[in-house]
Amino acid sequence: GCSQTCTNTNGSYTCLCLSGYMLIADNRTCNDINECSSNNGNCSQMCTNTNGSYFCSCQLGYMLDANNQTCNDVNECSVNNGGCSQNCTNTNGSYICLCLSGYMLIADNRTCNDINECLSNNGNCSQICTNTNGSYICSCQFGY
């Protein structure tokens, strides 16, 4: 007998396979076609073979297009600024947070904290250094 579909003919029969399968040399057995082995199944990133079919999927930071084959970059910065406290820059498959001048990115790679310029060489001020958000001010002692 046939492993999938049998069609009667005059005095005999013909075996047929369902979509995604092919008839092997014994003309009775249907084996799965690995669609991923040819041109990656036309998937732009990952192809997974299944019995009689396959599906495409995307790496982290990408989303499958309506054609179910093409992976498009997700712009993480478009939602809640990517969780960045200041600037968010989208990259292929990811994003990075950046800080304005006078701020430094802390260990969470999202939060920008003020740099206290006065802690380093008194901010190059000759007398008084006053730290401000993102900057500092030099001033003179009373009488100068």
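**Entry 1: C118 and C129**

I looked up the burial of C118 and C129 in this predicted model, and I found that both cysteines are buried. Their sulfur atoms lie 1.9 Å apart, and the two residues form a disulfide. I then read the torsion about the S-S bond of C118 and C129, which is about -80°, so I noted this disulfide as left-handed. As for position, C118 sits in the loop between strand 12 (112–114) and strand 13 (128–132), while C129 belongs to strand 13, and the pair links distant parts of the chain that are eleven residues apart.

**Entry 2: C125 and C138**

Next I turned to C125 and C138, which are joined by a disulfide with an S to S distance of 1.8 Å. The torsion about their S-S bond is about -75°, so I wrote this disulfide down as left-handed. The pair links distant parts of the chain, since I found C125 in the loop between strand 12 and strand 13 and C138 in strand 14 (residues 135–139), 13 residues apart.

**Entry 3: C17 and C30**

I went on to the disulfide that joins C17 to C30, for which I noted an S to S distance of 2.1 Å. Its torsion about the S-S bond is about -90°, so the disulfide of C17 and C30 is left-handed. C17 lies in the loop between strand 2 (12–16) and strand 3 (21–23) and C30 in strand 4 (residues 30–32), so I recorded that the pair ties together parts that are 13 residues apart in sequence. On accessibility, C17 counts as partly exposed at 23%, and C30 counts as buried at 10%.

How many disulfides does the structure hold? I recorded ten.

C6 is in no disulfide, and the nearest cysteine sulfur, that of C2, is 3.9 Å away, which I set against the cut-off of 2.5 Å for a pair of cysteine sulfur atoms. At 47% relative accessibility, C6 counts as partly exposed. C140 is likewise in no disulfide, and there the nearest cysteine sulfur is that of C138, 8.6 Å away. I noted C140 as partly exposed, with a relative accessibility of 47%.

**Entry 4: E117**

I then looked up E117, whose place is in the loop between strand 12 and strand 13. E117 is buried yet has no salt bridge, and I found that the nearest side chain of opposite charge, that of R110, is 23 Å away. Which residues does E117 touch, not counting residues up to four places away in sequence? I listed G102, N122, G123, N131, G134, S135 and Y136.

**Entry 5: the chain as a whole**

Last, I looked at the protein chain overall, whose secondary structure comes to zero helices and 14 strands. The radius of gyration of the protein chain is 32 Å, well over the 15 Å that the globule rule gives for 144 residues, so I noted the chain as more spread out than a compact globule. Along its principal axes the C-alpha trace spans about 120 × 25 × 20 Å.

For burial over the chain, I recorded that 19% of the 144 residues count as buried. I found that, among contacts between residues at least 6 apart in sequence, 14% join residues at least 24 apart. The accessible surface of the protein chain comes to about 9600 Å², and I noted that 49% of that surface belongs to carbon and sulfur atoms.

Notes. Residues are numbered from 1 along each chain as its sequence is written. This is a predicted model: local features need pLDDT of at least 70, side-chain atom pairs count only at pLDDT 80 or more; totals for chains, interfaces and linings use all residues. Side-chain values use heavy atoms; hydrogens and water are left out. Helices (H or I, at least four residues) and strands (E, at least two) are DSSP runs, numbered from the N terminus. Buried means under 20% relative accessible area, exposed over 50%, partly exposed in between (1.4 Å probe, protein chains only). The radius of gyration is taken over C-alpha atoms; the globule rule is 2.2 Å times the number of residues to the power 0.38. Contact means heavy atoms within 4.5 Å. Accessible areas come from the Shrake-Rupley method with a 1.4 Å probe; for residues, only the protein chains shown count as cover. Lys and Arg count as positive and Asp and Glu as negative; His and the chain ends are not counted. A salt bridge is a side-chain nitrogen of Lys or Arg within 4 Å of a carboxyl oxygen of Asp or Glu.
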